[in-house]
Amino acid sequence: MAIADIAAYAHLSEQDINDLGDELDEIRRDIEKSLGARDAAYIRHTILFQRTLDLVARLVIAVSRSRKGWLSGTAALAFAKSVENMEIGHNVSHGQWDWMNDPEIHSTTWEWDMMAVSAQWKYSHNYRHHVLTNVVGVDDDLGFGIMRLTRDEPWQPVHLLQPVRNMLLAFVFELGIALHGVHSARDRVLPDTGRVAEERSTLVRKIARQAAKDYVFFPALSGRRWRRTLTANVTANLARNLWAYVVIFCGHFPDGAEKFTADVLAEETRAQWYLRQILGAANFRAGPLLAFASGNLCYQIEHHLFPELPSNRYAEIAARVKDVCDRYDLPYTTGSLVRQYLLTLRTIHKLALPDRLLTATCDDAPETASERKFNDARPGLGGLRSALARGASVRRRRQAA
């Protein structure tokens with residue numbers, strides 16, 4: 001099932017893992033020492049660009065009379081919303097820009113332009129997901145409470161609806177994240193107290209403000225053309241939801257993003273935590289524009305290793321992380337955006353079925369592996385990447401026989 005012994009799975013000794021941790025700590029220190037005016041200018045220019053684009057898009061939607069004007073304005077608004085959510089809101093809330101000591105661009109003060117309440121999201125995401133990444137039964141982001149993404153979760157008939165649930169979540173991703181944040185806090189730290197109602201009320205007020213802004217206020221400003229503005233806002237929010245969903249799922253659920261049992265948390269060292277982040281995340285290949293549009297979350301491995309480092313440095317960090325993975329013979333899971341999403345869809349649809357209908361063993365399936373997959377393999381030179389390559393070669397020979 002899920003990985004219980006990370007060192008055994010990774011084919012690394014305790015000293016290897018400690019050395020790996022030292023090298024990643026050095027990368028962190030180097031980036032922290034180099035932060036300065038260039039990075040501060042990046043986030044300030046990004047915020048200015050996003051707000052300007054949002055304003056221009058809304059003006060184009062309201063003023064233009066052509067279908068092309070509506071389409072271009074709606075597309076621009078969707079892009080502006082995506083940038084605000086991922087490259088600004090998500091990353092600011094991680095504390096990536098707290099070193100600037102700017103009270104307006106700080107994780108303690110930023111409230112993003114979506115239904116989720118930043119404070120609630122930061123608990124479910126920054127702590128439960130990023131600290132406890134992919135630990136079954138602990139990381140609430142592993143399936144978001146509505147999908148089965150590892151065989152460690154027993155199959156139930158309700159999982160047959162998983163493909164439909166996945167599609168619905170994609171369309172209402174903004175609302176899903178909002179509810180996920182408050183439910184995570186309720187289930188983990190707020191049992192049956194007055195704070196439960198307080199948290200729910202806070203969320204309801206935030207949802208109401210967001211809905212009023214996009215679906216009442218801006219359409220009302222358009223007067224008799226309110227339908228044009230309303231449909232544009234609905235479309236832009238839908239496009240933003242779908243894009244955010246794809247980016248997040250491609251970084252967490254394709255083949256190679258491993259899952260772990262709670263055993264790995266017992267006396268876990270910083271170096272072991274680093275190794276878990278490398279094994280538990282996945283990247284997708286992206287040029288500068290696609291990286292910016294995704295909030296630089298195409299570098300999900302780097303983001304999980306260094307969630308508090310500014311996103312504009314992830315491309316630079318990625319080159320060094322990949323080099324570290326090469327030298328320790330660790331897989332650096334990446335692929336095209338389309339490939340990563342198709343692998344994710346395969347897992348979602350596959351695990352909707354009872355285990356008896358699945359062919360791969362529970363310890364050697366693409367979506368769920370463990371150190372036990374190597375029990376019957378003959379030892380060979382190299383680390384995990386070499387071991388995985390040998391295993392794949394053996395499977396191909398068996399299939400050809």
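A search of the whole structure, which is a predicted model, finds 2 cavities of 30 Å³ or more. A cavity is here a set of points, on a 1 Å grid over the protein atoms alone, where a 1.4 Å probe fits but cannot get out. The largest cavity has a volume of about 330 Å³, a volume being the space filled by probe spheres set on the points, with grid points joined across faces, edges and corners. Rolling a probe the size of a water molecule over the atoms shows where empty space is left.

Residues are numbered from 1 along each chain as its sequence is written, and side-chain values use heavy atoms, with hydrogens and water left out. Local features need pLDDT of at least 70 and side-chain atom pairs count only at pLDDT 80 or more, whereas totals for chains, interfaces and linings use all residues.

**Lining of the largest cavity**

- The lining comprises 27 residues, where a lining residue has an atom within 4 Å of a point.
- His90, Trp121, Phe173, Ile177 and Ile248 are the lining residues that lie nearest the centre of the largest cavity.
- At least two lining residues come from each of α4 (67-93), α5 (118-129), α7 (173-189), α9 (226-252) and α12 (300-305); helices are DSSP runs (H or I, at least four residues), numbered from the N terminus.
- Helix α9 gives the most to this lining, with 5 residues.
- By residue class, the lining divides into 12 nonpolar, 11 polar and 4 charged residues. Nonpolar covers Ala, Val, Leu, Ile, Met, Phe, Trp, Tyr, Cys and Pro, charged covers Asp, Glu, Lys and Arg, and polar covers the others, Gly among them.

**Nonpolar cores**

- The largest nonpolar core has 84 residues, and Leu24, Phe249, Leu275, Phe306, Val321 and Leu330 have the most contacts inside it. Helix α9 gives the most to this core, with 7 residues.
- A second, separate core of 10 residues includes Trp70, Ala76, Leu77 and Ala78.
- A nonpolar core is a set of buried Ala, Val, Leu, Ile, Met, Phe, Trp, Tyr and Cys residues joined through side-chain atoms within 4.5 Å. Buried means under 20% relative accessible area, exposed over 50%, and partly exposed in between (1.4 Å probe, protein chains only).
- Not counting residues up to four places away in sequence, Phe249 touches Phe144, Met147, Asn166, Leu169, Phe173, Pro254, Thr344 and Ile348; contact means heavy atoms within 4.5 Å.
- In soluble globular proteins, nonpolar side chains tend to be buried together.

**Cysteines**

- The whole structure contains 0 disulfides, a disulfide being a pair of cysteine sulfur atoms within 2.5 Å.
- Cys298 is buried, with a relative accessible area of 0%.

**Buried polar and charged side chains**

- Lys206 is found in helix α8 (residues 194-221) and is buried, with a relative accessible area of 3%.
- Beyond residues up to four places away in sequence, Lys206 touches Glu111, Trp112, Met114, Met115, Ala116 and Val117.
- Ser93 lies in helix α4 and counts as buried at 2% relative accessibility.
- With residues up to four places away in sequence not counted, Ser93 touches Ser107, Trp110, Ser118, Trp121, Lys122 and Asn126.

**Positive phi values**

- Most residues other than glycine have a negative phi, and most peptide bonds are trans.
- His11 has a positive phi of about 60° although it is not a glycine. His11 is found in the loop between α1 (6-10) and α2 (14-34) and is partly exposed, with a relative accessible area of 30%.
- Phe144 also has a positive phi, near 55°. Phe144 sits in the loop between α5 and α6 and is buried, with a relative accessible area of 12%.

**Separations across the chain**

- Arg44, in helix α3 (residues 37-63), counts as partly exposed at 41% relative accessibility.
- Arg44 and Ile105 are 61 residues apart in sequence and 8.6 Å apart in space, C-alpha to C-alpha. Leaving aside neighbours within four places in sequence, Arg44 is in contact with Met100, Asp102 and Ile105.
- Gly137 is found in the loop between α5 and α6 (162-171) and is exposed, with a relative accessible area of 59%.
- The C-alpha atoms of Gly137 and Ser34 are separated by 38 Å, and the two residues are 103 residues apart along the chain.

Key. 1 Å grid on protein atoms, 1.4 Å probe; cavity = no way out; pocket = protein on both sides within 12 Å on 5 of 7 lines; lining within 4 Å.
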